[in-house]
Amino acid sequence: QSLTLNARRSITILWHNAHLQGVAEGKDYVIEIDDLKPDNHKGYEMVEEAIIALMRTIITIKKPDGKTQRVQFLGGNDLDDADRHAGVLTYSFDKRLVEILKDSTIWGKIALPILMALTSKYAVSLYEHVTQWTGLSHKTFQDYSLDEFRELLGIETGKYPAFGALNKHVIKPATLEINALAPFNITILPVKSGKKVTRINISWWNKNNEEMAAAWAGSIRPGDRDAH
């Protein structure tokens, strides 16, 4: 809940990069610092802040056998000096986290340019979760209690307690961003019990070729355009 947008994106980038290099216990992974910067031309301090935040943040894992595990998002690491050209971050994960990352299939589905183009950490969480479902031919929607939805997006405890505020500041902006950038469209609808919103329904469908081209163009960062 307390992570910044940049730290939230960095989690996925680091996990995605590790998966490409082969997740294994006791292994170090390497990534260029530029790949973690919010902008290609600046942001070393923001990378450093994100790394420290991830080392201080604990994941709580509820296992099927009833046990609870607690583990840091990010383990020990080495960061090159800010003045070094093409510097890298060398990093690692706790062995308990490695077991989860090894079995995940989501990493090939997340498009990092889209992830970096999103401007809300709530949109990042929503994009990642819906990405897991879009390839399922038998599934086109997901239903959550309001509390489950808030937890899914990492909305801070006590923030936007009324649905109207949640809809204005979280749901509508996140939906607009995802529909503009992702290879799928989503709708998020409130479900009421009496007069009170108690559940949230998320549905999704793939874009056509024209919509896909527009979304991909929108996900390219200015620095990436300059490079081409």
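**Close-up views of a predicted model**

**View 1. The whole chain.** Among contacts in the chain with a separation of 6 or more, 60% are between residues 24 or more positions apart; contact means heavy atoms within 4.5 Å. This is a predicted model: local features need pLDDT of at least 70, side-chain atom pairs count only at pLDDT 80 or more, and totals for chains, interfaces and linings use all residues. Residues are numbered from 1 along each chain as its sequence is written, and side-chain values use heavy atoms, with hydrogens and water left out. The chain has nine helices and eight strands (DSSP runs numbered from the N terminus: helices are H or I, at least four residues; strands are E, at least two). Of its 228 residues, 44% are buried (under 20% relative accessible area, 1.4 Å probe, protein chains only). The chain exposes about 12700 Å², and carbon and sulfur atoms supply 52% of that (Shrake-Rupley method, 1.4 Å probe).

**View 2. K121 in helix α5.** Helix α5 spans residues 121-133 and includes K121. K121 counts as buried because its relative accessibility is 15%. Its side chain makes a polar contact with the side chain of E156, at 3.0 Å. A polar contact is a pair of N or O atoms within 3.5 Å; within protein, one must be able to donate a hydrogen and the other to accept it, and residues adjacent in sequence count only if both atoms are side-chain atoms.

**View 3. Q142 in strand β6.** Strand β6 covers residues 141-145, and Q142 lies in it. Q142 is buried, because its relative accessible area is 18%. Leaving out residues up to four places away in sequence, Q142 touches W133, I200, N201, I202 and W204. I200 is 58 residues from Q142 along the chain, yet their C-alpha atoms are separated by 8.4 Å.

Terms used. Buried < 20%, exposed > 50% of the residue type's maximum accessible area, 1.4 Å probe, protein only.
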